[in-house]
Amino acid sequence: MDVEIVGKFLSTLPEDDDHPYRTGPWRPQTTEWDADDLAAVDGEIPRDLDGVYLRNTENPLHPAFKTYHPFDGDGMVHVVGFRDGKAFYRNRFIRTDGFTAENDAGEPLWPGLAEPVQLAQRDDGWGARTRMKDASSTDVIVHRGIALTSFYQCGDLYRVDPYSANTLGKETWNGRFPVDWGVSAHPKVDNKTGELLFFNYSKQDPYMHYGVVDENNELAHYVDIPLPGPRLPHDMAFTENYAILNDFPLFWDPRLLEHDVHLPRFYPDIPSRFAVIPRRGSLEDIRWFEADPTFVLHFTNAYEDGDEIVLDGFFEGDPQPLDTGGGKWDKLFRFLALDRLQTTLHRWRFNLVTGAVKDERLSESITEFGTINPEYAAGNYRYAYAATGKPGWFLFDGLVKHDLRTGGQEGFSFGDGVYGSETAMAPRVGATGEDDGYLVTITTDMNADASYCVVFDAARLSDGPVCKLQLPERVSSGTHSTWAPGAQLRRWDTADSPAEALGL
Ligand SMILES: [Fe+2]
């Protein structure tokens, strides 16, 4: 492995930090690395694996004012690129306005998710809307050959080179980016049409918008989605012809919100509502469907089946777990543990002709953070690959491949002290079937004090990794990831530093 440190940042976090999500597997990184010719400590890099695995993580450099929440940390993008049986790694902080300002100041300037918004030291940039720092640390997707990073509670989309991980600036959509409201955590790219579908939300009426950016990067569609009040939607889904948005009964307590206090509550007597809208539809075209109350953090896929829209996602059996008296950290972070939320893969069917709603549980297993073969997005798919959670923690201790046709599943446990990332599915070059490809993840191995990029054969997950590559440093745990096929990136050729320049 050929390794070079290319950046090092000053951390002002306390030496004796005891925060559970700033220590251990969540220990933030302060170093930026370039590593070429990654060494396989196990197996061989498949020669038909071609593309980049991109992962976002939260890496705080400064302490919180009062209470750090793991979603507050500054975004850092990790790239593991594969081609011709070789692999490289890059990691870079995303140069957000907030990161730059706090780095210059050497101290925190904005409060986080679990802090009073009145603590904001500045009221400009993205602090102005939520008065939280836009850390751009939640998701990373690829549109038109450029990676875009996003933020949990709506923010800018930062453009990131998918090979070098260097920040290229903010996405503007030729001046049409909705700067007042931003874009939510999970915009969706339809690789078949080249469109990017998104929503945003805020405390102002109409509380949500839905938009479409076309293959030329123009904001081609942007409509109001009126909701009964401020909501906290996290994800959306799309089919060939429709987008699906949601209004779940978990939102800031309206009475407290009048006093500028942001406390999410689950309202079990209010149904879940799903909006089905033609992808370029208007307000009048929205069809609302009601179902049992829950909250869904992430959907896996949606598709059309005759008159029905099929929507799959993770139903939370207990969106507001009881405080069991486990101390302040347990009280605050019980909302992050999959076992506490009781997340199970679920299917809703919305009949566009009769208006009927049917739903069913697809698995008894507690999993979340599901991914699919990207070629099957908006299509009738069979497999979802999801994470299992360490009880009581926001840590992924294993992988499950759900077979939605048979109800079967197979899994792989990382073992004690080893945690994975959201795992992306990378179709094999020349793939002939839905699970003909690889599952790619980055592990945080507390036993070896190291991180590895681990690759599985998607058709034989339970056989274990086909390849394990050493990374330069232990990577912090984090949230989302994606896979971008090399052929797709090379077609756009928009990146600063194409793979060829990296010796691949
Ligand atoms: Fe998410």
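This is a predicted model: local features need pLDDT of at least 70, side-chain atom pairs count only at pLDDT 80 or more; totals for chains, interfaces and linings use all residues.
Residues are numbered from 1 along each chain as its sequence is written. Local features need pLDDT of at least 70 and side-chain atom pairs count only at pLDDT 80 or more, while totals for chains, interfaces and linings use all residues.

**Stop 1: the largest pocket**

Select His69, Leu113, Trp252, His262 and Pro264. Of the 49 residues that line the largest pocket, these lie nearest its centre. A pocket here is an open set of points on a 1 Å grid over the protein atoms alone, where a 1.4 Å probe fits, with protein on both sides within 12 Å along at least five of seven lines; lining residues have an atom within 4 Å of a point. The space in this pocket is about 1,300 Å³, counted as the space filled by probe spheres set on the points.

Next select α4 (328-333), one of the elements with two or more residues in the lining. With 4 residues, α4 gives the most to it. Helices (H or I, at least four residues) and strands (E, at least two) are DSSP runs, numbered from the N terminus.

**Stop 2: the second largest pocket**

Select Asp48, Asp50, Asn373 and Glu375, which are among the lining residues of the second largest pocket. About 200 Å³ of space lies there.

**Stop 3**

Select β11 (188-190) and β14 (219-224), the edge strands of an open, antiparallel sheet in the order β11-β12-β13-β14. Strands pair if DSSP finds at least two bridges between them. Then select β12 (195-201) and β13 (208-213), which are joined by 6 bridges. Finish at Phe198, whose bridge partner in β13 is Gly211.

Note on methods:
Side-chain values use heavy atoms; hydrogens and water are left out.
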